[in-house]
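Dear colleague,

Please find below the structure that I am handing over to you. My findings follow it.

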Amino acid sequence: MAFYDKKYNGCEFRTSDKIASAHMFTTRNGGVSSGVWDNWNFGENRGDDIDCLRENYRRAGELFGVGADGFVVTRQVHGVEVRTAAESDRHRVGEPVPYEADGLVTNIAGLPLMIYIADCVPVLMEDREAGVIAAVHCGWKSSVADILGVAVEKMISMGAVPENIRAAVGESIGFCCFETDSDVPEAVEKYLSGDTEGLIRDDGNGKFHVDLRGANLRRLLQLGLRAENVDVSGECTVCMPEKYWSHRATEGIRGSMCAVIML
């Protein structure tokens with residue numbers, strides 16, 4: 001299993017060989033935005049110019065055969081709402097998203113699901129046999145509230161079988177850089193019912209390091225996915241500022257990457 005760096009018309013993104021559906025995890029490179037949003041920014045609430053945003057979405061749309069307004073997106077609030085996406089949910093760039101959700105599922109072919117990322121863990125999932133996909137934004141609060149459990153349950157309700165679900169856990173803040181207070185490791189311990197060996201490091205000064213990607217991988221396995229069907233990126237958004245935006249590293253002055261999947 002592996003992630004691969006790819007480029008199309010100057011746009012740089014990554015894909016996983018575990019996912020057969022059209023998909024990508026974007027980098028910050030390949031768009032037309034400038035300044036703190038330099039340059040392939042998808043965050044519409046960051047202050048970027050609307051014309052630049054529309055062009056950035058248009059370039060992404062070329063990879064999925066849709067226009068700039070062809071994606072289903074989310075107004076992410078670090079909760080556990082997973083929305084079943086419909087054709088009517090396609091988003092017009094620059095207009096408010098009329099619902100809150102941190103995950104999307106669908107069984108509609110040709111409908112690309114997009115989540116925004118800049119440190120939080122992005123998870124793309126598919127059951128090709130059942131014809132069901134999901135895109136899930138796993139910040140630490142959503143993670144410990146079990147948004148992955150909600151997403152997998154919704155996929156199952158649409159015909160998916162856990163053993164057939166394939167998942168790619170994309171770039172996010174790594175174990176190396178996710179320093180927290182005690183509330184995060186305590187919540188992760190509860191989330192995983194104590195199955196946290198190797199995921200938490202006590203720094204001995206009241207601070208801890210937590211492997212959030214690893215925690216979400218472990219939860220996917222608890223939910224019945226097979227280890228051989230899950231791919232996990234090893235790249236850290238904090239450590240690689242030339243390639244990714246990090247909310248933590250920039251203190252929130254940044255653009256947003258995205259992860260997309262489409263049947």
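Which residue of β8 stands opposite T106? In this predicted model, the residue facing T106 is I133. The two strands concerned, β5 (residues 103-106) and β8 (residues 132-138), run antiparallel and are joined by four bridges.

The central sheet

These strands belong to an open sheet of six, with mixed pairing and the order β4-β5-β8-β7-β9-β13. The edges are taken by β4 (82-84) and β13 (230-232); each has a single partner strand, so one side of each lacks a neighbour in the sheet. On average, neighbouring strands are turned by 10° against each other, direction ignored.

Helix α3 (residues 147-157) packs on it and touches β4, β5, β7 (121-127) and β8, with a direction at about 170° to that of β8. Helix α5 (residues 212-222) lies across β7, β8, β9 (166-169) and β13, and runs at about 25° to β7.

Helix α5 and its ends

Within α5, the buried residues are L212, R213, G214, A215, N216, R219 and L220. At the start of this helix, a side-chain oxygen of D211 comes to within 3.4 Å of the backbone nitrogen of R213. Just after the helix, G224 adopts a positive phi of about 105°.

One of the buried residues of α5, R219, also forms a salt bridge with D146, with the closest N and O atoms 2.9 Å apart. This pair links distant parts of the chain, since R219 is in α5 and D146 is in the loop between α2 (140-144) and α3, 73 residues apart. R219 counts as buried because its relative accessibility is 15%, under the 20% cut-off.

T74 is placed in the loop between α1 (50-62) and β4. Is this residue buried or exposed? Its relative accessibility is 3%, so T74 counts as buried. Its side chain makes a polar contact of 2.8 Å with the side chain of Q76. Leaving aside neighbours within four places in sequence, T74 is in contact with V97, Y99, A101, L104, M114, I115 and Y116.

A polar atom of its side chain lies 2.6 Å from the backbone oxygen of K154. S157 and T74 are 83 residues apart in sequence and, from C-alpha to C-alpha, 21 Å apart in space.

Nonpolar cores

The largest nonpolar core has 43 residues, of which F42, Y57, F71, L113 and M114 touch the most other members. The elements that give two or more residues to this core are β2 (11-16), β3 (22-26), α1, β6 (113-117), β8 and β14 (257-262). The largest share, six residues, comes from β14. Not counting residues up to four places away in sequence, F42 touches T26, L53, N56, Y57, A60, M114, Y116, S256, M257 and C258. A second, separate core of 32 residues includes V105, M155, L192 and V230.

Salt bridges

Side chains of opposite charge can pair when their charged atoms come close. The search of the whole structure finds 19 salt bridges. In one of them, R92 pairs with D69, and the closest N and O atoms are 3.0 Å apart. R92 lies in the loop between β4 and β5 and D69 in the loop between α1 and β4, so the pair ties together parts that are 23 residues apart in sequence. R92 also meets E95 in a salt bridge (3.8 Å, N to O). R92 counts as partly exposed at 45% relative accessibility, D69 as partly exposed at 22%, and E95 as partly exposed at 44%.

With kind regards

Conventions:
Residues are numbered from 1 along each chain as its sequence is written. This is a predicted model: local features need pLDDT of at least 70, side-chain atom pairs count only at pLDDT 80 or more; totals for chains, interfaces and linings use all residues. Side-chain values use heavy atoms; hydrogens and water are left out. Two strands pair if DSSP finds at least two bridges between them. Axes are lines fitted to C-alpha atoms, for helices over the stretch in contact, and angles run from 0 to 180 degrees between N-to-C directions. Contact means heavy atoms within 4.5 Å. Buried means under 20% relative accessible area, exposed over 50%, partly exposed in between (1.4 Å probe, protein chains only). A polar contact is a pair of N or O atoms within 3.5 Å; within protein, one must be able to donate a hydrogen and the other to accept it, and residues adjacent in sequence count only if both atoms are side-chain atoms. A nonpolar core is a set of buried Ala, Val, Leu, Ile, Met, Phe, Trp, Tyr and Cys residues joined through side-chain atoms within 4.5 Å. A salt bridge is a side-chain nitrogen of Lys or Arg within 4 Å of a carboxyl oxygen of Asp or Glu.
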